[in-house]
Amino acid sequence: MTSGAPCERDHGQGTAEPLEQECLIAEMVVDEPDKHPWRVVDAAYDRLTCAECGGRLSRGPASCAACNLANGFRYSAIEVDRPGVPSGNEHALRVNVAVTRRPYGISEAEVLLRRLSLPVLLDGLLPTKAQAQATKAKANEGATEAELAALVYGEWGRA
């Protein structure tokens, strides 16, 4: 599944220059996402431009068929927990990254909760099932960002 569009990166000088080798590697990775760790696949998608919507491949709007397809393929990538983190941490991190990068069709409360969760998950913590369910229930009840942050940063992975 190639993007069919150029790979460009902005180097902070107002111009984007093609990086042929980087593009070729990114194309090879997304052509076989099931052979690479999810973080590598995620980084490869970041380097490719969608030929249909012009955005970063897999991050386009819900109406972009090419991005929908790419976003689905991202889940076939390899997922392995990092050393020293609870089992399931890497999966939680992966899902939270995917939701925050492409929030189309996800409730505002869910996107907020996923975004707030990222620092905790990156630190290697993982909420218990009860903590996660209680926090999600609070989000669904309309809890404020501060209330959710207090739960996520104060309780998750520490009980």
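Predicted model: local features only at pLDDT ≥ 70, side-chain atom pairs only at ≥ 80, totals over all residues.
## The overall fold

Let's begin with the whole chain. The protein chain has 159 residues, of which 36% are buried. Seven helices and two strands make up its secondary structure.

Among contacts with a separation of 6 or more, 53% join residues 24 or more positions apart.

## How H5 meets H7

Two packed helices can be described by the angle between their axes and the distance between those axes. Here, helix H5 covers residues 108-122 and helix H7 covers residues 145-155. They pack at an angle of about 35°, and their axes are 10 Å apart. The crossing of H5 past H7 is right-handed.

Which residues in H5 meet H7? On the H5 side you will find Leu 112, Leu 113, Arg 115, Leu 116, Ser 117, Pro 119 and Val 120. Their partners in H7 are Glu 145, Leu 148, Ala 149, Val 152 and Tyr 153. By type, the contact consists of nine nonpolar residues, one polar residue and two charged residues.

## The largest pocket

Rolling a probe the size of a water molecule over the atoms shows where empty space is left. The largest pocket in this model has a volume of about 340 Å³. It is lined by 18 residues, and the closest to its centre are Asn 96, Arg 114, Pro 127, Ala 132 and Trp 156.

Which helix gives the most to the lining of the largest pocket? That is H5, with five residues. H4, H5 and H6 each supply at least two residues of this lining. Sorted by type, the lining of the largest pocket has eight nonpolar, six polar and four charged residues.

The largest cavity contains about 40 Å³ of space. Its lining is made up of Trp 38, Asp 42, Arg 74, Arg 94, Val 97 and Ala 98. Helix H2 (38-46) and helix H4 (89-101) are the elements that give two or more residues to this lining.

H4 makes the largest contribution to the lining of the largest cavity, with three residues. The lining divides into three nonpolar residues and three charged residues, with no polar ones.

Next, have a look at the loop between H2 and H3, where Leu 57 lies. Leu 57 counts as buried because its relative accessibility is 1%, under the 20% cut-off. Its C-alpha is 6.9 Å from that of Ala 70, although Leu 57 and Ala 70 are 13 residues apart in sequence.

Ser 58 is also found in the loop between H2 and helix H3 (65-73). Is Ser 58 buried or exposed? With a relative accessibility of 1%, Ser 58 counts as buried. Its backbone deserves a glance too. Most residues other than glycine have a negative phi. Ser 58 is not a glycine, yet it has a positive phi of about 90°.

## Leu 125, between H5 and H6

Leu 125 sits in the loop between H5 and helix H6 (129-140). Leaving out residues up to four places away in sequence, Leu 125 touches Asn 89, Val 120, Trp 156, Gly 157 and Arg 158. Leu 125 and Val 85 are 40 residues apart in sequence, while their C-alpha atoms are 6.8 Å apart in space.

## Two alanines in helices

Finally, here are two alanines to find in the structure. Ala 66 is in helix H3, and at 22% relative accessibility it counts as partly exposed. Ala 66 and Ala 51 are 15 residues apart in sequence, with a C-alpha to C-alpha distance of 7.9 Å.

Ala 109 belongs to helix H5. With 23% relative accessibility, Ala 109 counts as partly exposed. Ala 109 and Asn 140 are separated by 31 residues in sequence and by 6.6 Å in space, C-alpha to C-alpha.

How values were computed
Residues numbered from 1 in each chain as written. Heavy atoms only, no water. Axes fitted to C-alpha atoms, helices over the stretch in contact; angles between N-to-C directions. Helix = DSSP H or I, 4+ residues; strand = E, 2+ residues; numbered from the N terminus. Left-handed = near helix turned anticlockwise from the far one by under 90°. Contact = heavy atoms within 4.5 Å. Nonpolar A, V, L, I, M, F, W, Y, C, P; charged D, E, K, R; others polar. 1 Å grid on protein atoms, 1.4 Å probe; cavity = no way out; pocket = protein on both sides within 12 Å on 5 of 7 lines; lining within 4 Å. Points joined across faces, edges and corners; volume = space filled by probe spheres on them. Buried < 20%, exposed > 50% of the residue type's maximum accessible area, 1.4 Å probe, protein only.
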